[in-house]
Amino acid sequence: MFLARFCKAGLPSDITVVVDGVSFHLHKFPLISKCGKIACIYEESEKKHEKVFTTVLEEFPGGPDMFLIAAKFCYGMRVELTSRNIVMVYCAADYLEMIDEFGEENLLSKSENFLYKNILHNWKDCILALQSSEPVLQRAEKLHIINKCVNALSVMVCTDPSLFGRPMMMYGSLQSPGGSILWNGINTGARIRSSESDWWFEDISYLSVSLFERLIKAMETKGIRPENIAGAVMHYTRKYLPGLGRWQGGQHGIPRTVTSFSFTPIALDQRVVLERIEKLLPQKKGKSFCRFLLGLLRVALILGASQTCKDSLERRIGRQLEFATLDGLLIPTYSDAETLYDTDTVQRIIQHFMSSESKVTPFSPVSVEVKTSPLSGPLRSVAKLIDSYITEVASDVTLKPEKIRSLAVALPESSRTLHDGLYRSLDIYFKAHPWLSDKEKEELCNIIDFQKLSIDACAHASQNERLPLRVVLQVLFFEQMHLRTALAGHLNVLETESAPAGPVNLQADTAGQIIQRDGWVTMVRENRVVKVDMDKMRSRVGELEQEFSKIKQEMKKVTKSHSSISSPRVVARRIGCNLLSRPSDAKPDTIGSTGPSPRASVEKARFSCHSRQKKSFSLF
């Protein structure tokens, strides 16, 4: 059933216009005098001599609401043009051919003037006009309305002083000492807008992905800095891909203007947004940008984006892999694979890193968060990162040995000065996979250059029960080589210090650095000195024990003999002691009381031997 709309003119309608199922019962004279399309259709229908003229307008821009505005204008009623309806009214006037030939200051010319004077010179109205142009986008493109709005926005962004490092003087000198805006000398309390260069990110994020793409490309042609382009794209992506914020550390955009409250969010297909946005990203590199790309790759794997999109993201990440972090590379497996982590993707990223040329330049120094030292090149940084990655994924019981090997050999031999990271990874892998045979373990251990293991790693490997015996023997061999080299270098250092001043040998200098760094050669020497002292002490204690045993045997013989038969002097002479001579004038009956008894002689001999033992210890 058609919805009838009558014009209250007091006269019966003689023309019926149908727009999207809505019937408008109008009068032909006002419409024919303003609308060239309806006038042409009416002339053709006059030949049929119909009393009531009826026409259907197919695909009318803006639908019944916009036709109602055009009909009111034809009847001379007041029509309100706003930023939300100007594009559709413009397209409706063009559809009805409401040009000046059918009346001065017709609707088409009025719409064009309003667009130029009120829309293209105002940031908020221009955004709203673009946002409302979605239903009539094709006709608006034909009328160049979209190009005009996009160019106007890009020019307004380019002329923002904050983008070029100059302060924004929006209100000139009409400011209070506290920074508030003054009106006729009165403090209004309003604050001046921030001069940050990302004030426009939130506003343009309300556009559809096609219009956003058009606007970004226009800004690139106008010379907007790549970091601002990347910031706008990242802000737009985080808004319509909510899962991306999980891997971005809470770096969400903040609205910078007070106009965004009047914008209406749009519903977009996340997969379409991802595939379209990826093409807008600049060919630059940086730490936060690499983290954003890694999060974008995860979302692409989850949403099942096209292979072209995923390959492009992997290629972009590979060109700046030195800025990646371990948590960013730990991409879970979102397919039906057995492993916990997507090691195949990481391996392809490494291959892109090795095959990439140094054509990708970083952002400006202001936007680069991390400045790498010239001594630590990108290759060594990536090698440390990959070693940490292998260590993290090695605990996965479903990870095959081939995956570990392919990840380790993806980088050249010169990328690692030490192989401690690889050894740590294999040790964790062997611990998580105890069922591996010695042959499989030996094949994995072939990726390690044992000459590049540190002293601590060699000491740990030589006592590691998880390693095959052949590998342990290799470790011990190279450990001995390290020891000999370091000792020789230490001796050279000592000779150099004692010799007169002259040119320093490079090998001695290197050995001195090794000793200064590790300190293990000094410890070996001290241990050897202690060992020699212990051997001397042990031999001396053995000699004392033998002497004490002899004395003990002699004591046993003394106690077995009778004191009346055995002379004390004989016993004392046997044990090497001399008794005092007895006085010649002593009486016989006083021998037992005045002369020394056998027990006294033995005690004296024991005391003499004990004194000799003390003397022996003191001589040591």
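The model is predicted. The largest nonpolar core holds 138 residues, and the count of salt bridges comes to 16.

**Nonpolar core**
- Within the largest nonpolar core, F67 and L96 touch the most other members.
- Beyond its neighbours within four places in sequence, F67 is in contact with V17, V19, F24, L26, L57, F60 and L96.

**Packing of helices α17 and α19**
- Helix α17 (residues 378-393) packs with helix α19 (residues 420-432) at an angle of about 10°, and their axes are 8 Å apart.
- The two helices α17 and α19 are therefore roughly parallel.
- On the α17 side the contact is made by D387, I390 and T391, and on the α19 side by G421, L422, R424, S425 and I428.
- Three nonpolar, three polar and two charged residues make up this contact of α17 with α19.

- E141 pairs with R214, with the closest N and O atoms 2.1 Å apart.
- E141 lies in helix α7 (residues 137-142) and R214 in helix α10 (residues 209-221), 73 residues apart.
- Both are partly exposed, E141 at 28% relative accessible area and R214 at 25%.
- E278 and R316 form a salt bridge at 3.1 Å, N to O, and link helix α12 (residues 270-278) with helix α14 (residues 307-318).
- E278 is buried at 5% relative accessibility, and R316 is buried at 7%.
- E314 forms a salt bridge with R348, the closest N and O atoms being 3.1 Å apart; E314 is in helix α14 and R348 in helix α16 (residues 343-355).
- E314 is buried at 2% relative accessibility, whereas R348 is partly exposed at 33%.
- Salt bridges with shared partners join E213, K217 and R276 into one network.

Conventions: Residues are numbered from 1 along each chain as its sequence is written. This is a predicted model: local features need pLDDT of at least 70, side-chain atom pairs count only at pLDDT 80 or more; totals for chains, interfaces and linings use all residues. Side-chain values use heavy atoms; hydrogens and water are left out. A nonpolar core is a set of buried Ala, Val, Leu, Ile, Met, Phe, Trp, Tyr and Cys residues joined through side-chain atoms within 4.5 Å. Buried means under 20% relative accessible area, exposed over 50%, partly exposed in between (1.4 Å probe, protein chains only). Contact means heavy atoms within 4.5 Å. Axes are lines fitted to C-alpha atoms, for helices over the stretch in contact, and angles run from 0 to 180 degrees between N-to-C directions. Helices (H or I, at least four residues) and strands (E, at least two) are DSSP runs, numbered from the N terminus. Angles under 35 degrees count as roughly parallel, over 145 as roughly antiparallel, 65 to 115 as roughly perpendicular and the rest as oblique. Ala, Val, Leu, Ile, Met, Phe, Trp, Tyr, Cys and Pro count as nonpolar, Asp, Glu, Lys and Arg as charged, and the others, Gly among them, as polar. A salt bridge is a side-chain nitrogen of Lys or Arg within 4 Å of a carboxyl oxygen of Asp or Glu.
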